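Here is a briefing on one protein structure. Please look over the sequence and the model first.

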Amino acid sequence: MNIPFLDNWRKRHDGTRGVGLAAAVAADPEGVAELLAECELLRVRAGQRGLELDDSPTSLAALDQLPPRWRDDPEELPWLGNDAGLYLGTVLVRNVPGAVWNIWPSGQPVVRLASGREIDVVEAGLDWAIAGSPELSQVYSESAEGQNFH
């Protein structure tokens, strides 16, 4: 499978193909977080509709309001949904104290909250892209609720 953000990480780290995503997160969590935040397709599509994604919770609400034209392209739909999930995760990690990226043994990136709860943000992004629910802002609110904000 071609995963652009992982390919970019490998290029930055001398093309090491044997390094798994979990090892990459352990070795360079900030670098992997930066790559997961790229979400290039989503950012391009949002920009085409006049929306700049600034990694804030309000940008999730703005994404929820976009007409779902991506559903007309079955080839792009899963990629956009994946990006939406990674963007949701990025907003959580950058705005919710204690939220960090974690990688399941399957290789799936998830967000672990300070409480220990893990959010499968990619699944949430795919659900949002395909069906429109749950809304990204709703997943963010439910995830951030009850977290310790110091």
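Predicted model: local features only at pLDDT ≥ 70, side-chain atom pairs only at ≥ 80, totals over all residues.

Residues are numbered from 1 along each chain as its sequence is written, and side-chain values use heavy atoms, with hydrogens and water left out.

**Nonpolar core**

- The largest nonpolar core has 39 residues. Such a core is a set of buried Ala, Val, Leu, Ile, Met, Phe, Trp, Tyr and Cys residues joined through side-chain atoms within 4.5 Å. Buried means under 20% relative accessible area, exposed means over 50%, and partly exposed lies in between (1.4 Å probe, protein chains only).
- Leu42, Leu63, Tyr87, Leu88, Trp128 and Tyr140 touch the most other members of this core.
- Two or more core residues come from each of helix H2 (21-27), helix H3 (29-36), helix H4 (40-48), helix H5 (57-64), helix H6 (77-95), strand E1 (100-103), helix H7 (121-131) and helix H8 (136-144). H6 gives the largest share, 8 residues. Helices (H or I, at least four residues) and strands (E, at least two) are DSSP runs, numbered from the N terminus.
- In soluble globular proteins, nonpolar side chains tend to be buried together.

**Tyr87 and Leu53**

- Not counting residues up to four places away in sequence, Tyr87 touches Cys39, Leu42, Arg43, Leu53, Asp54, Asp55, Ser56, Ser59, Leu60 and Leu63. Contact means heavy atoms within 4.5 Å.
- Leu53 sits in the loop between H4 and H5. Leu53 is buried, at a relative accessible area of 8%.
- Beyond its neighbours within four places in sequence, Leu53 contacts Leu42, Arg43, Ala46, Ser59, Leu63 and Tyr87.
- Leu53 and Leu63 are 10 residues apart along the chain, and their C-alpha atoms are separated by 8.6 Å.

**Salt bridges**

- The whole structure holds 4 salt bridges. Each is a side-chain nitrogen of Lys or Arg within 4 Å of a carboxyl oxygen of Asp or Glu.
- Side chains of opposite charge can pair when their charged atoms come close.
- Arg43 pairs with Asp55, with the closest N and O atoms 2.8 Å apart. This pair links distant parts of the chain, from helix H4 to the loop between H4 and H5, 12 residues apart. Arg43 is partly exposed at 25% relative accessibility, whereas Asp55 is buried at 14%.
- Asp55 also forms a salt bridge with Arg94, where the closest N and O atoms are 2.2 Å apart. Arg94 lies in helix H6, 39 residues from Asp55. Arg94 counts as partly exposed, at 46% relative accessibility.
- Glu76 pairs with Arg45, the closest N and O atoms being 2.7 Å apart. Glu76 is in the loop between H5 and H6 and Arg45 is in helix H4, 31 residues apart. Glu76 is buried at 15% relative accessibility, while Arg45 is partly exposed at 22%.

- Asp83 lies in helix H6. Asp83 is buried yet has no salt bridge. The nearest side chain of opposite charge, Arg43, is 7.7 Å away. In that count, Lys and Arg are positive, Asp and Glu are negative, and His and the chain ends are not counted.
- The Asp83 side chain reaches the backbone nitrogen of Leu41 at 2.9 Å.
- Leaving aside neighbours within four places in sequence, Asp83 contacts Cys39, Glu40, Leu41 and Leu42.

**Helix H7**

- The buried residues of H7 are Val121, Val122, Ala124, Gly125, Trp128 and Ala129. They fall within an arc of 160° seen down the axis, so they line one face of the helix. The arc is that of the directions from the helix axis to the C-beta atoms.
- Exposed Ile130 and Ala131 are on the face of H7 turned away from its buried side.
- The cover over the buried residues of H7 includes H5, H6, E1, strand E2 (109-112), strand E3 (118-119) and H8.
- Gly132 follows H7 and has a positive phi, near 85°.

**Helix H5**

- Ser59, Leu60, Leu63 and Asp64 are buried in H5. Their arc spans 150° seen down the axis, so they line one face of the helix.
- H4, H6, H7 and H8 are among what covers these buried residues.

Methods. Polar contact = N/O pair within 3.5 Å; in protein donor to acceptor, adjacent residues only side chain to side chain.
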